[in-house]
Amino acid sequence: MRLIDHTQTSLLDYTCAQLACFFPSGDGAGLRRRLERHLPRALERLAHCIDQVRMWQPGQFNYLNSSQYCLYLYFLSNTIWREERGDEAVGAATRLFLLNKALNGIDLFYEIEMPEVFFIGHSVGIVLAKATYGNYLVLYQNCTVGKNHGVAPVLGDGVILYPNSAIIGRCRIGDNTTVSQGTGVINRDTPGDCMVFAGTAGALVLKPATHSLVADFFRV
């Protein structure tokens, strides 16, 4: 993957400089070595994701594209946590998580297992719980996936959350479900291949999908 205006070394320098500015570490050299060790794998995961998003140029990462940089920080933090999980690794992953929150306004914890391919339209205000996420997920600003009484949703493949929508609690969201703007799905299931709208008195209106929206976002 081509890194626009960067090499892997300069991207590492850039990331470490941001971390040092926002969340200084007593062992900056050790933090850098840890990021350097996991950066290649994180970039592999990022490249696979970018290549599947239809509106992005395959084979290149632009650190000034805030959505791409948001994904980069997540993949790097999650890769470190996956591979190590010790106290020092947790410290590095936490700093990257907090940097993503500071820069992009997203609450995406490093322990959350996001799918291999997902797209963030605008990251501001997105809050994601430790739920089950299917592939080809689409997220827009101010959407929420959350727990209710400790129970998290299960999302199938091709789920789209438009701005200000939410999926909360004991939900099983079928493949190719689109949740419309401002709609909350709470402790409810969807059959899939549908669009969900807010009805009256808290009810939901489910309409059959006229076509697969996944193909509008991803190269599938």
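1. Among contacts in the protein chain between residues at least 6 apart in sequence, what percentage join residues at least 24 apart? In this predicted model, the figure is 37%.

2. As for the overall build, the protein chain holds 5 helices and 14 strands. Its radius of gyration is 18 Å, close to the 17 Å that the globule rule gives for 220 residues, and the chain is therefore as compact as a globular protein of that length. Taken along the principal axes, the box filled by the C-alpha atoms is roughly 55 × 40 × 25 Å.

3. Turning to burial and surface, 48% of the 220 residues in the protein chain are buried. The chain exposes about 10,000 Å², of which carbon and sulfur atoms supply 50%.

4. Helix H1 covers residues 8-22, and the distance of 21 Å between its end C-alpha atoms agrees with the 21 Å that its 15 residues should span. Its buried residues are Leu11, Leu12, Thr15, Cys16, Gln18 and Leu19; because these fall within an arc of 155° when seen down the axis of H1, they line one face of the helix. The cover over them includes strand S1 (2-3), helix H2 (28-52), strand S2 (60-61), helix H3 (66-83) and helix H4 (87-104).

Note on methods. Residues numbered from 1 in each chain as written. Predicted model: local features only at pLDDT ≥ 70, side-chain atom pairs only at ≥ 80, totals over all residues. Heavy atoms only, no water. Helix = DSSP H or I, 4+ residues; strand = E, 2+ residues; numbered from the N terminus. Expected span 1.5 Å × (residues − 1). Buried < 20%, exposed > 50% of the residue type's maximum accessible area, 1.4 Å probe, protein only. Arc of directions from axis to C-beta. Contact = heavy atoms within 4.5 Å. Rg over C-alpha atoms; globule rule 2.2 N^0.38 Å. Areas by Shrake-Rupley, 256 points an atom, 1.4 Å probe, with all protein chains shown as cover.
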